[in-house]
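Welcome! Let us take a walk through this model together, one piece at a time.

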Amino acid sequence: METVRVTIDGQEVEVPSGSTILEAARIAGVDIPTLCYHPDLDVKAMCRVCVVEVVGARTLQAACTQPVSEGMIVKTSSPLAREARRMNVELILSNHPQDCLNCIRNQKCELQTLAEKLGIREQRFERRSRTKNNLDISSPSLVRDMEKCILCRRCVAVCQQVQGVSALGPINRGIDTIVAPVGGCELNSVACTLCGQCVHVCPVGAIYEKDDTQKVWSALADPTKHVVVQTAPAIRVAIGEEMGLEPGALVTGKLVAVLRRLGFDKVFDTDFSADLTIMEEGHELIHRLQNGGTLPMITSCSPGWIKFIEHFYPELLDHLSTCKSPQQMFGALAKTYYAQKAGIDPKDIFVVSIMPCTAKKFECGREEMTDSGYPDVDVVLTTRELGRMLREAGINFATLPEEEFDAPLGISTGAGVIFGATGGVMEAALRTVYEVVTGKELPSVDFTEVRGLEGIKEATIDLDGQKVKVAVAHGLANAKKILELIKEGKADYQFIEVMSCPGGCIGGGGQPIPTNKEVIKKRLAAIYDADKGMKLRKSHENPAVKALYEEFLGKPLGEKSHHLLHTHYVKRGKYKI
Amino acid sequence: MPAEKYSSTPNSGLLSDIDDIIRKHQNRDGALIDVLHDVQALYGYLPEQAMKRIAEGLSLPLSKVYGVATFYSLFTLEPKGQYVIRLCESAPCHIRGAVQVLSAIEEELKIKPGETTPDSKFTLEFTSCLGVCGVAPAIMINDQVYGNLTPEKVKEILRSL
């Protein structure tokens with residue numbers, strides 16, 4: 001590797017050529033303060049916080065974008081650099097509300113941290129807001145508070161480059177610039193998937209989840225309600241982190257314990273309905289393969305993905321599996337099968353979901369999702385909102401005992417838990433489809449080709465002579481590539497898994513802040529540990545799912561399944577008329 | 001959210017002229033700005049339906065087209081008058097009497113900056129420096145620059161149009 005020698009704050013270091021000053025400084029042990037810079041995104045030199053003095057250069061340079069050159073002498077903390085950096089932060093603050101105490105990002109705000117780092121203790125400039133009273137609460141999932149926006153453009157980059165959606169963009173110029181949906185209209189008026197990736201990259205409190213915790217507190221306090229909770233696979237590898245443990249801490253048992261202490265009447269597991277999804281979706285795939293159905297079939301668990309294809313590729317909706325997502329299958333069964341079994345009137349059952357996802361809030365409100373005769377799921381909370389409730393309740397997470405989920409809707413297999421990771425639904429489906437079609441036991445349950453963070457993964461599975469080619473995409477920009485192939489007739493796959501968020505649900509828009517590639521890798525490892533730790537690892541071996549079919553549903557794709565567990569989709573189109 | 005409110009393509013008033021313009025520039029890098037210029041030359045402004053058509057034609061997100069159209073002050077999303085008067089609001093023009101020139105225009109046309117006369121003949125706007133400080137105060141009417149202005153002179157110019 002070619003290297004160059006540079007001097008940073010008096011210290012000579014050898015760094016790979018092409019490094020930015022920021023990267024070179026990190027090698028030299030100097031962390032230049034940044035604000036708009038994000039390790040996973042291509043956003044640079046918007047905020048001017050990382051300015052440094054380069055000897056011989058006419059002006060201060062943005063360290064995040066300026067490459068080093070041989071012999072370069074950089075002063076990151078010279079009076080000139082420090083004064084400019086400080087001034088730039090003060091100017092950003094002069095157009096930012098100074099109400100940290102009331103902000104949802106209090107103590108998790110990059111601007112607040114930066115101001116603290118630089119020791120800013122007074123406001124020299126009178127605050128003039130460009131964008132007062134500009135709260136967008138139009139969507140069921142996300143809130144945009146443009147008064148807090150510092151115009152870093154990270155949300156624009158993630159929406160365009162990672163998700164291929166481009167719901168947000170900069171409008172106007174100079175002092176009039178805002179970041180908003182086209183025409184400055186509300187988020188619900190444009191084709192936004194509500195994936196919430198913008199929340200993760202927003203350095204401040206300008207975009208955040210719609211908080212539904214009060215609805216859950218009220219239900220828990222209502223003696224007439226039987227409140228049940230389901231937790232998505234990705235929560236057990238993230239709630240520990242939200243409560244201050246290391247990223248990737250696997251805390252399934254503590255999660256169950258803490259939900260009981262909050263007062264839920266039953267603590268169930270979305271992994272159960274993930275197993276059920278595999279039974280339905282696996283048989284749907286077999287049916288399509290054997291009866292000339294629309295192929296490739298694409299998974300339908302991820303509500304941001306569903307909204308994406310409804311908006312941008314409505315002509316391809318027939319490719320979607322008709323299976324509801326595990327969250328919605330759970331809700332439909334909680335208010336029918338479980339209500340019947342437990343002898344509780346479904347009108348008194350209140351279903352709360354803990355999801356890693358902001359789009360799930362939208363999904364549970366879709367008009368199709370009332371097949372039980374009631375809203376199948378009443379409230380969706382993100383991992384962050386659950387964390388908020390736990391902190392308020394003062395429960396000491398770290399010292400909790402490990403407890404078990406309740407039966408029957410809490411019984412699951414390893415196939416259910418890997419739904420939380422990209423490739424997991426595919427792997428779980430293959431474990432079942434292989435054994436159902438061939439009648440043989442799988443030599444190994446691990447389909448490692450579909451694991452990992454590669455944007456698009458492919459594999460071919462031999463089902464006793466019939467080759468099935470599959471693909472897995474995560475991040476909607478990757479999904480878009482596959483959809484274009486389908487449109488051009490060049491996709492020779494039979495089965496495709498799509499998850500909206502990078503890494504799958506473990507990187508979902510409702511997960512703890514920060515969520516980035518480094519953190520996602522740790523959660524990913526934890527998910528596969530959870531799978532390995534399960535006695536049963538194939539959905540069709542789940543005894544509670546078997547009992548459900550015997551006692552209630554009959555058979556996969558049967559009439560009752562069709563009514564309760566399957567759905568249809570809506571052609572939305574790209575633009576509002 | 002009622003899904004019927006969305007459609008995959010712009011729904012009305014699409015002129016093949018826009019497609020012709022897109023075709024003309026399509027294969028060049030940075031075609032967007034050229035397309036916007038030509039479409040604005042055709043309609044006098046950039047209608048929303050036209051921007052959607054441009055987004056589709058160039059395979060760009062509408063948010064990108066809209067962002068560029070609102071970034072440059074010479075693009076307009078509103079219909080304007082036949083003559084667009086741009087008054088320089090930079091310091092040199094200010095010192096040399098731009099305020100008096102502005103008053104004269106306002107008096108003559110009975111409109112304020114940002115407005116268009118009822119007969120759609122004139123629109124009055126501010127602009128940043130026109131680069132002709134040597135002949136300050138200056139205005140631009142459509143593509144033509146006028147310098148060394150006085151209140152009387154500017155009224156004369158307006159009356160001659």
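Two strands count as paired if DSSP finds at least two bridges between them, and strands (E, at least two residues) and helices (H or I, at least four) are DSSP runs numbered from the N terminus. Within this pair, A:Val352 stands opposite A:Val379 of strand 15 of chain A.

Before going further, a word on the model: it is predicted, local features need pLDDT of at least 70, side-chain atom pairs count only at pLDDT 80 or more, and totals for chains, interfaces and linings use all residues. Residues are numbered from 1 along each chain as its sequence is written, chains are lettered from A and ligands numbered from 1 in the order in which they are written, and side-chain values use heavy atoms, leaving out hydrogens and water.

Now widen the view to the sheet. Four strands of chain A form an open, parallel sheet in the order 12-11-14-15. Strand 12 and strand 15 (379-382) of chain A are at the edges with a single partner strand each, so one side of each has no neighbour in the sheet. From one strand to the next, the twist averages 25°.

Helix 6 of chain A packs on this sheet, touching strands 11, 14 and 15 of chain A, and its direction makes about 120° with that of strand 15 of chain A. Helix 13 of chain A lies across strand 14 and strand 15 of chain A, at about 85° to strand 15 of chain A. Contact here means heavy atoms within 4.5 Å; axes are lines fitted to C-alpha atoms, for helices over the stretch in contact, and angles run from 0 to 180 degrees between N-to-C directions.

After helix 8 of chain A comes A:Gly263, with a positive phi near 110°.

Finally, meet A:Phe264. Its contacts, not counting residues up to four places away in sequence, include A:Val216, A:Leu259 and A:Val352.
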